[in-house]
Amino acid sequence: MLRIVIAMASDDFGHMLEKQLNTEHSVIRCFDGNTALDLLEHLRPDVLLLDLSLPLLDGLSMLEQAQSCLPGVVIGLTEVASDSICARAEELGISRLYLLPVNADIFMKQLHKQLEQTVAGASREINIQRRTLQLLNKLSFKPNLTGYQQILVGIPLVIKDISIPMCKELYPKIAQITGLSSSRPIEHTIRTVIHDAWESGDKELWLQYFPIPANRKRPYPSNKQFFTAIANILTME
């Protein structure tokens with residue numbers, strides 16, 4: 001079951017979506033952009049169905065303000081699909097944009113297919129989260145340290161893009177997700193928590209997961225080496 005927010009002012013189409021999706025998923029519908037933004041921030045849904053012409057706060061403006069809490073799937077609907085609107089929609093996280101009016105039967109078939117893929121992806125993500133917690137516990141990481149939470153946020157980002165630049169992209173994204181005004185302290189806090197876990201952990205176990213290469217000065221891995229190894233372990237198991 002997915003948590004779905006339908007942000008749509010159109011009564012007929014919005015009501016049809018709500019009625020059909022409610023049979024399999026948890027659905028909440030709202031009618032303006034301000035309420036949609038509030039729901040995203042507090043409910044953290046899996047899917048957002050968004051009418052770009054919402055009153056009070058239009059869909060694109062709402063997405064600009066919701067970048068830190070966007071669901072994995074954002075499907076947009078619009079009566080105007082200019083090149084600039086399509087480009088901006090994609091830039092703000094809309095995975096698919098439909099032009100209104102849309103054929104309801106075709107739309108629902110495509111939507112159900114997308115939701116099935118999302119359910120499968122959510123199950124995989126939950127499994128990875130569980131295995132991540134188990135692995136960090138095995139390596140003696142302390143959950144009360146700040147860097148621990150930053151590692152939990154960073155691991156899925158590295159799994160998604162194993163070559164993600166650390167300073168230019170990974171740390172700023174972690175800062176954005178965790179609500180930090182600057183990404184500068186993140187490198188240090190993550191390095192500190194890795195060092196702490198190494199000092200208190202089973203050294204033989206650490207070396208199994210993070211063999212010391214010839215060019216590594218420390219016995220424990222760098223942030224980059226740590227994230228890369230963890231991402232590979234979790235995706236290969």
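## Looking into a predicted fold

Visitor: Which strand holds threonine 78?
Guide: This is a predicted model, where local features need pLDDT of at least 70, side-chain atom pairs count only at pLDDT 80 or more, and totals for chains, interfaces and linings use all residues. Numbering starts from 1 along each chain as its sequence is written, and side-chain values use heavy atoms, leaving out hydrogens and water. Strands are DSSP runs of E (at least two residues) and helices are runs of H or I (at least four), numbered from the N terminus. Threonine 78 belongs to residues 73-78, which form strand E4.

Visitor: Is threonine 78 buried or exposed?
Guide: Buried means under 20% relative accessible area, exposed means over 50%, and partly exposed is in between (1.4 Å probe, protein chains only). Threonine 78 has 6% relative accessibility, so it counts as buried.

Visitor: How far is the backbone oxygen of valine 80 from a polar atom of the side chain of threonine 78?
Guide: A polar contact is a pair of N or O atoms within 3.5 Å; within protein, one must be able to donate a hydrogen and the other to accept it, and residues adjacent in sequence count only if both atoms are side-chain atoms. Here the threonine 78 side chain meets the backbone oxygen of valine 80. The distance is 2.7 Å.

Visitor: How many bridges join E1 to strand E2?
Guide: Two strands pair if DSSP finds at least two bridges between them. E1 and E2 (residues 26-30) run parallel. The bridges joining E1 to E2 number five.

Visitor: In E3, what is the bridge partner of isoleucine 6?
Guide: E1 and strand E3 (residues 47-51) pair in the parallel sense, over four bridges. In E3, the partner of isoleucine 6 is leucine 49.

Visitor: Why is strand E1 largely enclosed by the rest of the structure?
Guide: E1 covers residues 3-7. It is largely enclosed because, of its five residues, the number buried is four.

Visitor: Which residues of H1 are exposed?
Guide: Phe13, Gly14, Met16, Leu17 and Leu21 of H1 are buried. They cover an arc of only 160° (from the directions between the helix axis and the C-beta atoms), which puts them on the same side of H1. On the other side, the exposed residues are Asp11, Asp12 and Lys19.

Visitor: Within what arc do the buried residues of H7 fall?
Guide: The buried residues of H7 are Met166, Leu170, Tyr171, Ile174 and Ala175. They line one face of the helix, because seen down the axis they fall within an arc of 130°.

Visitor: How many residues has the largest nonpolar core?
Guide: A nonpolar core is a set of buried Ala, Val, Leu, Ile, Met, Phe, Trp, Tyr and Cys residues joined through side-chain atoms within 4.5 Å. Those with the most contacts inside the largest core include Leu139, Phe141 and Phe227. Its size in residues is 36.

Visitor: Is proline 156 buried or partly exposed?
Guide: Proline 156 is found in helix H6. Its relative accessible area is 43%, so proline 156 is partly exposed.

Visitor: How far apart in space are proline 156 and tryptophan 206?
Guide: In sequence, proline 156 and tryptophan 206 are 50 residues apart. In space, C-alpha to C-alpha, the distance is 21 Å.
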